[in-house]
Amino acid sequence: MNTFSKIVVIVFSGLINAIAQAHNGHGDELPWQACSTSEKNTPCEYTNSHGDIYQGNCKLFGEALMCVRNKPIVRANMSKMLTPIKLDNSNQGTK
Amino acid sequence: MTKASISSLIITGSLAFSGCGGSSETITDDETSETPSTDILAVDTTLFDSAAVVSVETIDCTLSNGDDSSCYAITVTGFPSDRTELGHFCPTDINTEAESAGKWFDDGVLYDLTGEFVSNLDLFYGNSEWQLFDADTGEIFITDTQVSCEAAARPDVAEEYQNHCVQCELTYYADEGQGVESTFLLPINPVFRETSGDIGMSNIGVSLNGVNLAAAAPTQAILSAFTIAAFDDCVGHVNPIDGYHYHGANHGDGECPAVEFEADGHAGIFGYALDGFAIYGMLDENGEEATDLDECRGQTDEVRGYHYHSAGPGENAFIGCFSGETANSTDI
């Protein structure tokens, strides 16, 4: 496998790049951010922009920890403590 | 061209960045080691779609704990046997509807990658630098050649390919209607690890329809270049090494074929992890998820023994870790 091929695999298949992100607010950083200061296998939790709560454990993918849920998602409409954020451009889930 | 490869083995063993293998030895709070070995079922190769399998061999192998064992070396076609074509991936313009577009995921949610969605990425990500379309024509910037897709599918995305919807065609790497073959080693009789094993950055398993189940996509790197690595409805896309591969399980949505539930209403099986344990869908026929999943997203029942349940289609993961030993060397 040549160097270029490895690079492509890294981007599409697996290595979690530690590049600092400029994106704020809504972003796929949440599962990673939830474990950014945690140890591997410790409990983690994040709430996405819809107000849904994801609870799990910090698991290692490549060089970075990501919060992998192992509890059922707590939907926003199931939690009166949260107010979901309405995104005009969102189109969640199924067609 | 159909390229035979042992990608899962090569990639796992060769990339210096890997966090799998040795680092997993540091885990101390293992939950899976308490599961009794009587809950183990052997890999059932008859569950694979025959059209997805090139060959199945029984070979000697060495497990990640150093023990000698027997494994199935399963070579799959790399093209999903339950489909005749892949896609859609990127929308062509800002008016493209969901039926003609693929998917993108973000913080646990799978979105239709419609033209409208792409045209609002600046709002979605809160950054005005997102501009994946021509403001005059509404045309989406797509990597529509092999050169451009490969140039965009790398950490140091060239300036001219930033703000692109990235898609690579499988026909760049395989004949029309075919895939990039891969061989997977699965312990015939799974063995529980003493401590759970890290996923690493390579494939985590293989689907029964003949496709690689990939580790988490590096979304931070992808987004940092203002690119979207578009998925199709099955949360799959193409790279030059693995060909078509999945980053999530989204059976029964859009153009992605459904997987049948088990006779008892349990979620349906769709693949095997590299440790030989089966992977089932997230939800049962009532739309409910198990409440007793371990850290790897595994559980045990009397019918299926120990098995995994995939995370949701937008969660960028199938499972959290390996509860069993993987095969890390072979004589093939």
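Predicted model: local features only at pLDDT ≥ 70, side-chain atom pairs only at ≥ 80, totals over all residues.
## Disulfides across the structure

Over all chains, a search of the whole structure finds 7 disulfides. A disulfide is a covalent bond between the sulfur atoms of two cysteines. When the bonded cysteines of chain A are counted along the chain, the pattern is 1-3, 2-4. For chain B, the bonded cysteines numbered in sequence order pair as 1-2, 3-5, 4-6, 7-8, 9-10.

## The link between A:C44 and A:C67

In chain A, A:C44 is joined to A:C67 by a disulfide with an S to S distance of 2.0 Å. This link is right-handed, with 95° about the S-S bond. Because A:C44 belongs to strand β1 (residues 43-47) and A:C67 to strand β3 (residues 64-69) of chain A, the pair ties together parts that are 23 residues apart in sequence. Both A:C44 and A:C67 are buried.

## Two links in chain B

The sulfur atoms of B:C90 and B:C165 are 2.0 Å apart and form a disulfide. The torsion about the S-S bond of this pair is about -95°, so the disulfide is left-handed. B:C90 sits in the loop between β2 (68-76) and β3 (103-106) of chain B, while B:C165 is in strand β5 (residues 164-166) of chain B; the pair therefore ties together parts that are 75 residues apart in sequence. B:C90 and B:C165 are each buried.

A further disulfide connects B:C149 with B:C168, where the sulfur atoms lie 2.3 Å apart. Here the torsion about the S-S bond is about 110°, so the disulfide is right-handed. Distant parts of the chain are linked by this pair: B:C149 is in helix α4 (residues 146-152) of chain B, and B:C168 is in the loop between β5 and β6 (182-187) of chain B, 19 residues apart. B:C149 is buried, as is B:C168.

## The fold and surface of chain B

Chain B contains 5 helices and 18 strands. Of its 332 residues, 62% are buried. Among the contacts in chain B with a separation of 6 or more, 65% are between residues 24 or more positions apart.

Strand β7 of chain B runs antiparallel to strand β17 (residues 322-324) of chain B, and 2 bridges join them. In this pairing, B:F192 stands opposite B:G324 in β17 of chain B.

## Enclosed space

Rolling a probe the size of a water molecule over the atoms shows where empty space is left. In the whole structure, a search finds 2 cavities of 30 Å³ or more. The second largest cavity holds about 40 Å³ of space.

Residues from chains A and B line the second largest cavity: A:Y46, A:C67, A:V68 and A:R69, together with B:A311, B:E315 and B:A317. Strand β3 of chain A gives the most to this lining, with 3 residues. A:C67, one of the lining residues, is also the disulfide partner of A:C44.

Key
Residues numbered from 1 in each chain as written. Chains lettered and ligands numbered in written order. Heavy atoms only, no water. Disulfide = S-S within 2.5 Å. Helix = DSSP H or I, 4+ residues; strand = E, 2+ residues; numbered from the N terminus. Buried < 20%, exposed > 50% of the residue type's maximum accessible area, 1.4 Å probe, protein only. Pairing = 2+ DSSP bridges. Contact = heavy atoms within 4.5 Å. 1 Å grid on protein atoms, 1.4 Å probe; cavity = no way out; pocket = protein on both sides within 12 Å on 5 of 7 lines; lining within 4 Å. Points joined across faces, edges and corners; volume = space filled by probe spheres on them.
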